[in-house]
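Here are my notes on this model, as numbered points to read alongside the viewer.

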Amino acid sequence: MVCPTDTSAPESQTMPELSHFDDDERALIVNTPGVVLKGAVVSDGSKNALVFLKEVTAGAKVFKQAHKHDNPFVKSVALALKERGADGEDADLPVDDVAMSEALKLAAEVADLLHRKAAPEDAAAYTAWLLHLATEVASAVKTREGGLFSKKVAITENEQMFLDDLERALQP
């Protein structure tokens, strides 16, 4: 009796792109999406718990969708986030502009790293994913920017400024 040969890739090869980075670089790559999420959440300036919940839920949905992302690198990052789970670091609620500054700083650092060391398609997919994450969070709640009689907007001026800054930070 002849046994069929297993042609599937070994488990250790499921995330080869992420494994090419050292520990500090991997930490930057894996931690940045959560920091961008926090920055996007505070960018509207709202302290409303329901708004916060809707925005975090939108971010969680983007993370979950990334488990099936077309790009293997983005998928590997999303799976690494899932494996890491809630480690207490994300327990802090973002409450001020420090979260936006930190998000922009880390986004610029990770974009620089990926544009130098990753395949161009991986760098492009990852940075596009970060911008998609922030956009989904920013547009999760329609708000009245100008007061009671104003038109509801999906993305406020402050959120749009954050998204524009994030897009600039992610450029090579």
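Which residue forms a salt bridge with Asp112? The reply is in point 1.

1. The partner is Arg116, and the closest N and O atoms of the salt bridge with Asp112 are 3.1 Å apart. A salt bridge here is a side-chain nitrogen of Lys or Arg within 4 Å of a carboxyl oxygen of Asp or Glu. Both Asp112 and Arg116 belong to helix 5 (residues 98-117), where they sit 4 residues apart, about one turn of the helix. Helices (H or I, at least four residues) and strands (E, at least two) are DSSP runs, numbered from the N terminus. Asp112 is partly exposed, at 42% relative accessibility, while Arg116 is exposed, with a relative accessible area of 55%. For these classes, buried means under 20% relative accessible area, exposed over 50%, and partly exposed in between (1.4 Å probe, protein chains only).

2. A word on the ground rules. This is a predicted model, in which local features need pLDDT of at least 70 and side-chain atom pairs count only at pLDDT 80 or more, while totals for chains, interfaces and linings use all residues. Residues are numbered from 1 along each chain as its sequence is written, and side-chain values use heavy atoms, with hydrogens and water left out.

3. Now the overall layout. The chain holds 7 helices and 2 strands, and along the sequence they follow the pattern α-α-α-α-α-α-β-β-α. Of its 172 residues, 38% count as buried. The accessible surface of the chain is about 10300 Å², with 56% of it belonging to carbon and sulfur atoms; areas come from the Shrake-Rupley method with a 1.4 Å probe, and for residues only the protein chains shown count as cover. Among contacts with a separation of 6 or more, 73% are between residues 24 or more positions apart, a contact being heavy atoms within 4.5 Å.

4. Back to charged pairs: the whole structure has 5 salt bridges. In general, side chains of opposite charge can pair when their charged atoms come close. One of the bridges joins Arg26 to Asp23, with the closest N and O atoms 2.3 Å apart. These two residues are separated by about one helical turn because they are 3 residues apart in helix 2 (residues 23-42). Arg26 is partly exposed at 26% relative accessibility, whereas Asp23 is exposed, with a relative accessible area of 56%.

5. Another bridge links the side chains of Asp165 and Arg168, at 2.4 Å from N to O. Asp165 and Arg168 lie 3 residues apart in helix 7 (residues 157-169), so about one helical turn separates them. Asp165 counts as partly exposed at 31% relative accessibility, and Arg168 as exposed, with a relative accessible area of 55%.

6. How do helix 6 and helix 7 lie relative to each other, parallel or antiparallel? Their axes come within 10 Å and cross at roughly 180°, so the two are roughly antiparallel. Axes are lines fitted to C-alpha atoms, for helices over the stretch in contact, and angles run from 0 to 180 degrees between N-to-C directions. Angles under 35 degrees count as roughly parallel, over 145 as roughly antiparallel, 65 to 115 as roughly perpendicular and the rest as oblique. Helix 6 contributes Leu130, Leu131, Ala134, Thr135 and Ala138 to the contact, and helix 7 contributes Glu159, Phe162, Leu163, Leu166 and Glu167. By class, this contact has 7 nonpolar, 1 polar and 2 charged residues. Here Ala, Val, Leu, Ile, Met, Phe, Trp, Tyr, Cys and Pro count as nonpolar, Asp, Glu, Lys and Arg as charged, and the others, Gly among them, as polar.

7. Helix 6 (residues 120-138) also meets helix 4 (residues 72-84), where the axes come within 8 Å and cross at roughly 50°. Helix 4 and helix 6 are therefore oblique to each other. The residues making this contact are Phe73, Val74, Val77 and Leu81 of helix 4 with Asp122, Ala125, Tyr126 and Trp129 of helix 6. They divide into 7 nonpolar, no polar and 1 charged.

8. Ala58, in helix 3 (residues 49-66), is buried at 15% relative accessibility. Leaving aside residues up to four places away in sequence, Ala58 touches Glu136, Val137 and Ala140. Arg84 of helix 4 is partly exposed at 28% relative accessibility; Arg84 and Val30 are 54 residues apart in sequence and 9.4 Å apart in space, C-alpha to C-alpha.
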